[in-house]
Amino acid sequence: MKIFVLLTLLGTLVSIQAKAQVFDVSYKNDAPTRTFLLAAKHPQAVVLLFPGGSGVLRLQDDGSTTNTHTFVRSIELWAQYGIDAVLVDTPYGLGNGRNNSRSTRDHQQRILNVVKYYKEKLNIPIWLFGHSMGTVSVSEFANSGLEQQQMISGVIIAGTYRTVSMDGDGKLPVLAIHHIHDGCSSTPKSASEAVIKDRPKDSRSQLILIDGGMSTGEECLSLAHHGFNQNETELIKDAADFILHE
């Protein structure tokens, strides 16, 4: 089965290692939140993936998308570690920079609904992974209170947006990953460094810096170093190691 328009050459690998399904998570009387699950054979955890930019993937009924986001390019890499991977779409654009709506009640409620859905469906540890503006989505969720924190096992942020912070009182494990040559002015390396520096001493936290790869096009887009272009294997391995070695 061809899971993604841009990843058709990986169809055989995906069909052997994982099972792919689209699930629409209901939201009040509004459009549902579409998700795409690539399930590992014997999953030990599930990671919910929140892309940057507007957050819109336009996932089709078969899970296909023309979006070139980092999480789309690397979705098939999680199964080898025994981790289910879920792309989380949004029916409406979430904006960028100061005009984003990722901290609004509606967006955060959608995240909560998705977390509850997969917690009930899979009954395995849930991790949130946000990239770029997606780091706002996951950090705001983790900062929302004890109820939200107790529903997840940890948070991963990559290419961290400059305003992101994590509640210093929280004990959730937090991993920050940044490309040392990320040239996007909205996601300086110092943003990831600050999040980890401010974590409680007795909490599990780590900063990983990635080098190499290739940067193409605009510096804040997904095919630049900001999007870990040609560093996808290292990005997912680092995240998977942190998830599995608590």
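Q: Which residues line the second largest cavity?
A: Rolling a probe the size of a water molecule over the atoms shows where empty space is left. In this predicted model, the second largest cavity is lined by Ala-142, Asn-143, Gln-149, Met-166, Asp-167, Gly-170, Leu-172 and Arg-199.

Q: What is the volume of that second largest cavity, and what classes of residue make up its lining?
A: The volume of the second largest cavity is about 40 Å³. Sorted by class, its lining has 3 nonpolar, 3 polar and 2 charged residues.

Q: How many cavities of 30 Å³ or more does a search of the whole structure find?
A: The search finds 2. The largest cavity has a volume of about 90 Å³. It is lined by 13 residues, and those closest to its centre are Phe-50, Val-88, Asp-89, Thr-90 and His-107. The class count for the largest cavity is 5 nonpolar, 5 polar and 3 charged residues.

Q: Which element gives the most to the lining of the largest cavity?
A: That is helix H3, with 3 residues.

Q: How does one read the length of helix H3?
A: Compare the span from the first C-alpha to the last with the span expected at 1.5 Å a residue. H3 covers residues 105–122, which makes 18 residues, and it reaches 25 Å, close to the expected 26 Å.

Q: Which residues of H3 are buried?
A: Buried is a matter of a cut-off: under 20% relative accessible area. In H3 the buried residues are His-107, Gln-108, Arg-110, Ile-111, Leu-112, Asn-113, Val-114, Val-115 and Tyr-118.

Q: With which residues is Ile-126 in contact, leaving aside neighbours within four places in sequence?
A: Setting those neighbours aside brings out what the fold puts together. For Ile-126 the contacts are Val-46, Leu-48, Val-115, Tyr-118, Lys-119, Met-151, Ile-152, Ser-153 and Gly-154.

Q: Where is Leu-37 found, and is Leu-37 buried or exposed?
A: Leu-37 is found in strand S2, residues 30–40. Leu-37 counts as buried because its relative accessibility is 3%, and the cut-off for buried is under 20%. Although Val-22 is 15 residues apart from Leu-37 along the chain, their C-alpha atoms are separated by 6.2 Å. Beyond four places in sequence, Leu-37 is in contact with several residues, among them Phe-23, Val-86, Tyr-118 and Lys-121.

Q: Where is Ser-132 found, and is Ser-132 buried or exposed?
A: Ser-132 is found in the loop between strand S5 (126–131) and helix H4 (134–142). With a relative accessible area of 9%, Ser-132 is buried. Not counting residues up to four places away in sequence, Ser-132 touches Gly-52, Ala-158, Gly-159, Tyr-161, Thr-187 and His-226.

Q: Which residues are closest to the centre of the largest pocket?
A: The largest pocket has a volume of about 440 Å³. It is lined by 26 residues, of which Gly-52, Gly-53, Cys-220, Leu-221 and Ser-222 are closest to its centre. By class, its lining has 9 nonpolar, 16 polar and 1 charged residues.

How values were computed. Residues numbered from 1 in each chain as written. Predicted model: local features only at pLDDT ≥ 70, side-chain atom pairs only at ≥ 80, totals over all residues. Heavy atoms only, no water. 1 Å grid on protein atoms, 1.4 Å probe; cavity = no way out; pocket = protein on both sides within 12 Å on 5 of 7 lines; lining within 4 Å. Points joined across faces, edges and corners; volume = space filled by probe spheres on them. Nonpolar A, V, L, I, M, F, W, Y, C, P; charged D, E, K, R; others polar. Helix = DSSP H or I, 4+ residues; strand = E, 2+ residues; numbered from the N terminus. Expected span 1.5 Å × (residues − 1). Buried < 20%, exposed > 50% of the residue type's maximum accessible area, 1.4 Å probe, protein only. Contact = heavy atoms within 4.5 Å.
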